[in-house]
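Biologist: I'm new to reading models like this one. Could you walk me through it?

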Amino acid sequence: MTIYRRMNTKDRNPNFFFNDDDHNEVDVAEDSRFRDNDFFSDDAISQEADQLSFMEQESAELIWVKESCNIRITSTDTQAAVSLQAALQVAIGLVLSISILDGDQREKISQELLQISDVEQTNRQKIFIYNTKDARVRTVDTDIAINIQLLFQILLTLVVLVDIL
Amino acid sequence: MSHSSKNHFPSEKVVQVMVDSILRKNGVKREELKSNISEEQKQMLKEMVEDLRKQVEAFQQSNRTDEDSDELRD
């Protein structure tokens, strides 16, 4: 039996929710950015691109069981954890976008806040069980648990500041 | 492991100080934050946070119960 699971949070980050009023209508022909192919001159936009990819995380797990019997394997469902993490990031962005009107200021703050939880990490596990009987294996992804805790505390602190709770 | 992570990292106060200093550095005043938000929005955000709180607790709980039940059997 082989179980293989791989996940990368980078692909799941919804990175469009901060941008509501920074994009003004631009005349394509007139705008120098389009003429010179310089799309990165607008600070607010260029910052936004890397804002959330700070949180780069990868979990890979490989479990082999061979010529064995009565093996029990428990492994944390990273998928649920990753989506919870994304939900928390969205929530932090939401509170900021409602409470801070100045777009530039907001970009900077949200960037700094999410940088606190800038935990670039790779978690790889390989487990090989061979010629074994009656074994129990349990794997935990602690990194993501810590990250979720941290993001939730940031969210709580913000919400208290805004006087909601 | 979830026990130790909960107790040692990151302390609530540390996060509070960090968030506060980031806001200060960027020149955001507390009063400003409060005044920009309507009662209706407050209510909505409150519900959202409560919902997330439940999810986070459920997640931590699921890690913990697995661990405890394992310990009991050992």
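Biologist: How many residues of chain B are in contact with chain A?

Modeller: Two residues are in contact if their C-beta atoms, placed from the backbone, lie within 7 Å. Here, 33 residues of chain B are in contact with 38 residues of chain A. This is a predicted model, where local features need pLDDT of at least 70, side-chain atom pairs count only at pLDDT 80 or more, and totals for chains, interfaces and linings use all residues. Residues are numbered from 1 along each chain as its sequence is written, while chains are lettered from A and ligands numbered from 1 in the order in which they are written.

Biologist: Which helix of chain B gives the largest share of the side that touches chain A?

Modeller: Helices are DSSP runs (H or I, at least four residues), numbered from the N terminus. Helix 1 (2–8), helix 2 (12–25), helix 3 (30–35) and helix 4 (39–73) of chain B each bring at least two residues to that side. The largest share, 13 residues, is from helix 4 of chain B.

Biologist: What does UniProt place at residues 30–62 of chain B?

Modeller: UniProt annotations may be inferred rather than shown by experiment. The unreviewed entry has a "coiled-coil region" there. In the model, residues 30–62 of chain B are 91% helix and 0% strand (E runs of at least two), with the end C-alpha atoms 37 Å apart.
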